[in-house]
Amino acid sequence: MIEFDNVTKQYDDGTVAIEDISFEVEEGTTTVLVGPSGCGKTTTMKLVNRLIEPTEGTVYFEGTDIEQKDEIELRRDVGYVIQEIGLFDHMTVRENVATVPKLKGWDDDRIRERVRELLELMDLPVEEYGDQHPTELSGGQRQRVGVARALAADPDVMLMDEPFGALDPITRAELQDEFLDIQAELDVTILFVTHSVEEALKMGDRIAIFDVGELVQYDTPQNVLENPKNDFVRDFIGQDRELKKLQVTPVRKVMYETNGERLPDVDPVAPSDTAQIALSRLLETDAGRLPVARDGEVVGVVEEADLRGTSDPTRGSI
Amino acid sequence: MPANAVALVGELAAIGGPAAIGGPAVLGELAAVGEPAFVVLGMITEVFRYFAENQTQLLEYTRQHAILVLRALVVAVPLGVTLGTLITYNDKLATVVLWLAGIMMTIPSVALFALLLPSLGTGSPPVVMALILYTQLPVIRNTYVGLTGVDEAAVEAGEGLGMTKFQRLRKIQIPMALPVVMSGVRNAVVLLVGIAAIGEIVGSGGLGVPIFEGYRSSNTVEIVGATVALALLTLTIDYAFGVVEQVFRLRNGEEIQPNLGTRAVRGLAGAAPSRVSGRDDDADATTTTTSAKP
Amino acid sequence: MVSAPPELALVPLLEIALAPLGIFEELPGAYDFITSNWSQFLHHLWTHIKLVLVSELLAILVAVPLGIAATRFPRAKPTIKGFGNTAQTIPTLAIIFLMLPVTGIGFVTAVAGLFVYALLPILTNTIAGIEDVEDGVVEAARGMGMTDTEVLRKIELPKAIPVIFAGIRTSSVIGVGTAYLAFFVGGGGLGTWVLQGIKLYNMEMAIAGAVPGALLAITLDSGFALLERYLGGDAQQSDDLVSA
Ligand SMILES: Nc1ncnc2c1ncn2[C@@H]1O[C@H](COP(=O)(O)OP(=O)(O)OP(=O)(O)O)[C@@H](O)[C@H]1O
Ligand SMILES: [Mg+2]
């Protein structure tokens, strides 16, 4: 859907923000750009909606060189959540969200309906928040409005630059979960920027790890964890690589089917839960094994040894 | 405030009670009273009598004065806002224009009136022209600062969401800058009212007339009376422009405590009730109009 | 906006816009006037400068301590600020005229009038400068064990000095303008030529008095700006030079 082909960006002051970067974002997936501050994540993202023009190389959008596209049209079709949120404080929440639909000339009823729907989705009911100004909202609420504004005109592609940055860990985790749910409904291609590995592993189908100005590894979360390409990636992931692996591995991958044996009488986990949750439950209950249930029906068992096995590359997935 | 002004002027006059005896006998009768308190009281009484006796004339001077200022503003504000907007596109131009407007501002008004005299003659033209020139710095500067000071993230978000340059100017920068521009106009207006009084040296009319008349006829009461009228005019205009500024700020969702005038205007306009809940005790003028707020 | 007053239609805009350029025709005449009345010119110019200088020094001596006092005694602050704001609405002209019965005709009256008007910018800026020092900084200084006087002397005043200085700059530039009005109370200065010139419709004389004063104000302002930059403040032109 979006393809970077040997792209280099050098700013007017001589800073080379990214150098010779190539990767492709597949339709319907979430690709996360992650790396330390100043490594060129925002620069990469702004190349997509042409807020920045590449110095060398080409960016393709659905196979077309984006330079061939009208930049204003392009931007209206691509949702953009900017790093600094950038809400229009002089407008109400409702007007903020309605920005792009209005620019696109939707009729009033459709805009009103869409704004209502989105604010509902973001847990900011329009009756209560619609007429407030962004200055009256909390940080988390502002970020939600930023996301709603970007989603407003049903974009096929969303660019999200640290949309949940500057939030406390709890609110952040909540927003991440909510967004994962929303995303499942929306079917939209997402390019997501963060400098948190945890967030990258949680949100991404694919992860692009940046060192200063260069793309070091572009892979699935599992592969990044299992086969870090070099010391930089290994350091970046951190000492707790095994724990992080538990985070990105669903129980489904490590359970085995029951053969009618008796299972300990503890709360079951779901196949979609993470291995981390299963391990935590095991530590709490001291049971050694856990039932796995889908819709109340036991479908399998997960054992402590299997969870450990996630660290064993030879077992990979069952 | 106006009462203060009267008292203050009275006090100024009173300081010299005894000393004034050697000077021109303007304050003669008053100073003879001796006690400063009596002088102040006497002065206040005299000024009120002057108001009562010269009502129509004073109103006419006030009207002339306000028209001088308004004529200047009608040209000066659009001019200043346009210039202030243009210079946001070019830093060098901005430096030069702001520098020139600053220089304008330092030229003494008496000198400027004199400089405009050969080409514009006497009467109101040189004064209106001078007022226009003096308005430029506050208006250009505030427009420039207002437009460039707009939250950069908001402007960039606008760009990223697909607004054209003109749409960003119209929908983000101008609305956000308006209150700042307005406060520049407000500063300018207070200045203009005072300068226009000096305009009478080239025969502009307005409240300068009774002030000079009082000077020529050594009539302190007339000077004080005209000064009070001038102060009232300044305060009124300042308040009116303050209301406009506040309305812009409230519309932008700023958290301010609106004054009574602002609330009344918003109430009359049927605008959304102010989110800053007014205290109950001073809501009398607006209770009926802001009742929409639960 | 209020509907334009009918008089506006009578004003031929373009002609007016180009009008200021007309003074260039008058400059040679004014120059001749100055050279042929050289000693008189020097006398007026020097008086003008003296008026500004004396009133300005007095104003600094009074306004700075008064401003500091306003920040030290919260109860007095509203009164001092209120006085400042009220004084601003009284035109210079009125202040000078009202000094007349008090101090009589002459230099002293003119200085007294100028002094009253010069106080204000310095007073306002002294208060603003001291109050603008961040609370955190003051708190930190207190935490280190500084007394109130030490906080004032070592933290607040040094930080406020550029702002106070800006007030002095504004005040003096205004002073150059106000000093023109000294003529009305027999204080002399460049106003003598300008106001007599206007009265007699002697343009050469009027402009011979106007141009040097304008240049004086501009020079003073630029000089102060340079000095401010040298002292490390951000030399910004003030909005309220009032140019009385
Ligand atoms: N407009 C600009 N002009 C010059 N240099 C720039 C500009 N924008 C960014 N840079 C530089 O380019 C490099 C990459 O910046 P970029 O904003 O893409 O980093 P980032 O990965 O998004 O960082 P962060 O996590 O802090 O947001 C940095 O060194 C930055 O200083
Ligand atoms: Mg960034």
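These legends describe close-up views of two interfaces in a predicted model. Local features need pLDDT of at least 70, side-chain atom pairs count only at pLDDT 80 or more, and totals for chains, interfaces and linings use all residues. Residues are numbered from 1 along each chain as its sequence is written, and side-chain values use heavy atoms, without hydrogens and water.

**View 1. The contact between chain B and chain A**. Chain B and chain A each give 23 residues (contact: heavy atoms within 4.5 Å). The buried area is about 1900 Å², with 62% from carbon and sulfur atoms (accessible area, 1.4 Å probe, that two parts lose on being put together, summed over both). In chain B, B:E156, B:G160 and B:L161 lose the most area to chain A, together 30% of what that side buries.

**View 2. The salt bridge between B:E156 and A:K46**. The two side chains meet at 2.8 Å, N to O (salt bridge: a side-chain nitrogen of Lys or Arg within 4 Å of a carboxyl oxygen of Asp or Glu). The rule finds one such bridge across the interface of chain B and chain A. Helix 8 of chain B gives the most to the side of chain B that touches chain A, with seven residues (helices: DSSP runs of H or I, at least four residues, numbered from the N terminus).

**View 3. Domain 1 (2-53) against domain 2 (55-268) in chain B**. Domain bounds come from an automatic or database domain assignment. In chain B, 11 residues of domain 1 touch 15 residues of domain 2. Between these domains about 1200 Å² is buried, 81% of it from carbon and sulfur atoms.

Conventions
Chains are lettered from A and ligands numbered from 1 in the order in which they are written. Helices (H or I, at least four residues) and strands (E, at least two) are DSSP runs, numbered from the N terminus.
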